[in-house]
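Have the sequence and the 3D view open, and follow along residue by residue.

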Amino acid sequence: MIRFEGVTKRYADTSGTDRGDGSVAVDDLTLEAPTGKITVLVGPSGCGKTTTLRMVNRMITPTSGTISIDGRDTASLDVAELRRGIGYVIQHAGLFPHRTVLDNVTTVPRLLGTDKRTARSRAMELIERVGLDPAMARRYPAQLSGGQQQRVGVARALAADPPVMLMDEPFSAVDPVVREQLQNEFLRLQSDLGKTILFVTHDIDEAVKLGDQVAVLRVGGVLAQLDSPAKLLADPVDDFVAGFVGRDRGYRALSFAAAPELSLTDEPTVALGASADDVRAIGTPWVLCVGDAGEPLGWVRAAAVESEVTRTVLHRGGTVASTTGSLRALLDAALSSPSGRGVVADDDGRLVGTVRAAEVIAAIEARRDAVASSTPAEEATAR
Amino acid sequence: MTWALDHIGDIMSRAGQHAWLAGLPLVLGLVIALPLGWLAARRPRMRAVLLTTTGLLYTIPSLALFILLPPLLGTKILDPVNVIVAMTVYTVALLTRTVADGLLSVDGSTQQAAIAMGYGSFARFRAVDLPLAVPVIAAGLRVAAVSNVSIVSVASLIGISQLGYFLTDGYARSFPTEVWVGIVACLLLALVFDLVIQVVSRVLTPWTRTVAA
């Protein structure tokens with residue numbers, strides 16, 4: 001657990017003018033990042049989120065207040081020892097350009113005195129674990145893409161198996177597709193490793209996606225709200241937080257609601273290679289095509305099939321929701337489907353049935369009514 | 001050409017002395033410039049003072065330095081040590097700025113990562129900043145090497161044996177061939193220095209020759 005107690009960082013007034021006590025980057029921050037959880041610090045530029053992060057490994061010294069890790073005041077520890085016990089990942093990865101990927105990853109274990117062979121074999125494991133080809137181990141950072149460099153950055157931070165990780169906008173400098181991959185893999189990795197993570201981002205969507213709890217900071221380093229992502233979207237404490245969490249939050253909040261058990265409609269299907277007559281025999285303008293294992297492949301417009309169903313005539317715009325997914329995915333499947341019938345599959349990807357947007361909305365309304373009439377304790381379990 | 005071949009023994013021995021007088025100061029100068037450049041890179045105020053001072057050293061005329069040093073060092077005027085010391089001063093003058101520039105050229109996020117991983121300041125200098133500054137420092141060394149080879153030849157005016165002898169002697173005897181031999185020999189020596197520095201720099205920086213992904 002990382003605990004901030006009344007932490008303030010005030011920078012000396014270096015402008016030379018007599019404006020008093022200088023600028024405040026972080027103002028009387030009290031916060032707890034629980035063990036094994038991801039705590040995200042989010043806020044606009046100048047809200048002191050990076051300053052807050054860097055005070056943990058003492059790259060910045062607080063003006064007042066204490067920061068403790070598992071009950072030990074960080075100010076009382078040897079600074080090099082403190083830092084070697086904390087994984088640190090930054091925006092542009094900050095890899096050492098003159099060292100191979102393998103030698104980058106072994107940095108902290110080597111500083112801690114682990115012998116070269118042990119450090120290297122552990123590094124190879126980590127390189128694979130973060131989704132890199134082991135052949136990359138001998139390359140230099142300049143030979144990797146931005147996303148690959150960032151994976152090496154994560155592997156390097158994990159190399160000495162630190163209980164605590166600090167991550168400063170680690171996925172901000174890569175393109176959106178790679179960012180989403182990295183985020184998903186990061187969440188998977190974290191579910192195995194259970195590190196205590198303090199994660200800084202300016203992107204509220206990233207905060208809501210990754211955080212077990214999210215701290216919204218306002219300019220001047222004041223904590224505006226600390227809550228679970230679902231609570232943050234559903235119930236912002238003031239206009240600043242409401243404005244910061246942004247539009248579509250009603251829709252986005254559905255991400256945190258598990259899909260209810262709806263009675264799904266059986267969907268008649270065709271296989272690849274089905275004749276035009278087979279397709280038209282079903283009698284609906286759009287027909288769902290499934291693969292050999294029963295996995296939905298895409299919708300076919302009956303009128304567009306000339307001789308038989310081929311992959312090229314498949315409409316791929318519709319998303320597929322999972323029975324164990326979120327209400328958001330369920331609603332999105334219905335909204336994105338050209339037929340208006342959202343495709344639902346089980347965990348193995350096999351088609352279970354379809355659902356209409358109106359049915360999902362009805363489920364959302366029913367859920368809202370249930371929450372409104374429940375006691376606070378029940379409300380907590382409903383989340 | 002025949003003159004050069006007839007005197008090849010003499011040319012080679014003077015070239016050897018020239019290489020010693022220009023080369024040893026390069027090494028000594030680098031050793032002194034490293035800590036100075038490190039200080040200059042770390043402390044902005046020290047930087048202003050150090051770079052101005054060392055820059056000024058370079059403006060002292062070499063002949064003046066060759067003559068001024070013996071009383072300061074307690075050496076005889078013909079002692080090659082005077083030349084070694086003078087050339088070291090010039091090398092330090094050129095390299096302090098280069099070393100500081102090289103260290104300051106290291107990417108901010110790389111330095112930040114090194115600090116966050118728990119490198120102490122000396123360990124960081126040795127393991128991260130210095131290796132990354134090698135290309136810049138090597139470029140400065142190449143300039144210093146050429147400059148040293150050229151300045152050392154002036155020492156023939158105070159009678160120190162090296163390739164400059166052919167210039168003064170050829171001039172005194174109105175014998176252009178000998179002057180040309182001196183010039184060409186200096187040039188070749190400078191090229192050899194340049195080549196050695198480039199090779200060493202390449203060996204130390206395998207990462208700079210990788211193809212970007």
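## Two loops with positive phi

A:Asp161 sits in the loop that runs between helix 6 (146-158) and strand 7 (164-168) of chain A. Helices here are DSSP runs of H or I with at least four residues, strands are E runs of at least two, and both are numbered from the N terminus. Phi of A:Asp161 is positive, about 50°, although the residue is not a glycine. Most residues other than glycine have a negative phi. A:Asp161 counts as partly exposed because its relative accessibility is 46% (buried is under 20% relative accessible area, exposed over 50%, partly exposed in between, with a 1.4 Å probe and protein chains only).

A:Arg58 is another non-glycine residue with a positive phi, this one near 60°. Look for A:Arg58 in the loop between helix 1 (49-56) and strand 4 (64-69) of chain A. With 26% relative accessibility, A:Arg58 counts as partly exposed.

A word on the ground rules: this is a predicted model, where local features need pLDDT of at least 70 and side-chain atom pairs count only at pLDDT 80 or more, while totals for chains, interfaces and linings use all residues. Residues are numbered from 1 along each chain as its sequence is written, chains are lettered from A and ligands numbered from 1 in the order written, and side-chain values use heavy atoms, with hydrogens and water left out.

## A buried lysine in chain A

Now go to A:Lys49, in helix 1 of chain A. Its relative accessible area is 7%, so A:Lys49 is buried. Beyond its neighbours within four places in sequence, A:Lys49 is in contact (heavy atoms within 4.5 Å) with residues including A:Leu41, A:Glu169, A:Val200, A:His202 and A:Leu217.

Which backbone oxygen lies 3.1 Å from a polar atom of the A:Lys49 side chain? That one belongs to A:Gly43. The backbone oxygen of A:Pro44 lies 3.5 Å from a polar atom of that side chain.

## Domains of chain A

Chain A splits into domain 1 (2-254) and domain 2 (269-364), with bounds that come from an automatic or database domain assignment. Taken over C-alpha atoms, the centres of these two domains of chain A are 41 Å apart.

## Where the chains meet

The interface has 0 salt bridges (a side-chain nitrogen of Lys or Arg within 4 Å of a carboxyl oxygen of Asp or Glu). There are 7 residue pairs in polar contact, both at pLDDT 80 or more. A polar contact is a pair of N or O atoms within 3.5 Å; within protein, one must be able to donate a hydrogen and the other to accept it, and residues adjacent in sequence count only if both atoms are side-chain atoms.

B:Ser147 is found in helix 7 of chain B, and counts as buried because its relative accessibility is 12%. The side chains of B:Ser147 and B:Tyr58 make a polar contact at 2.9 Å.
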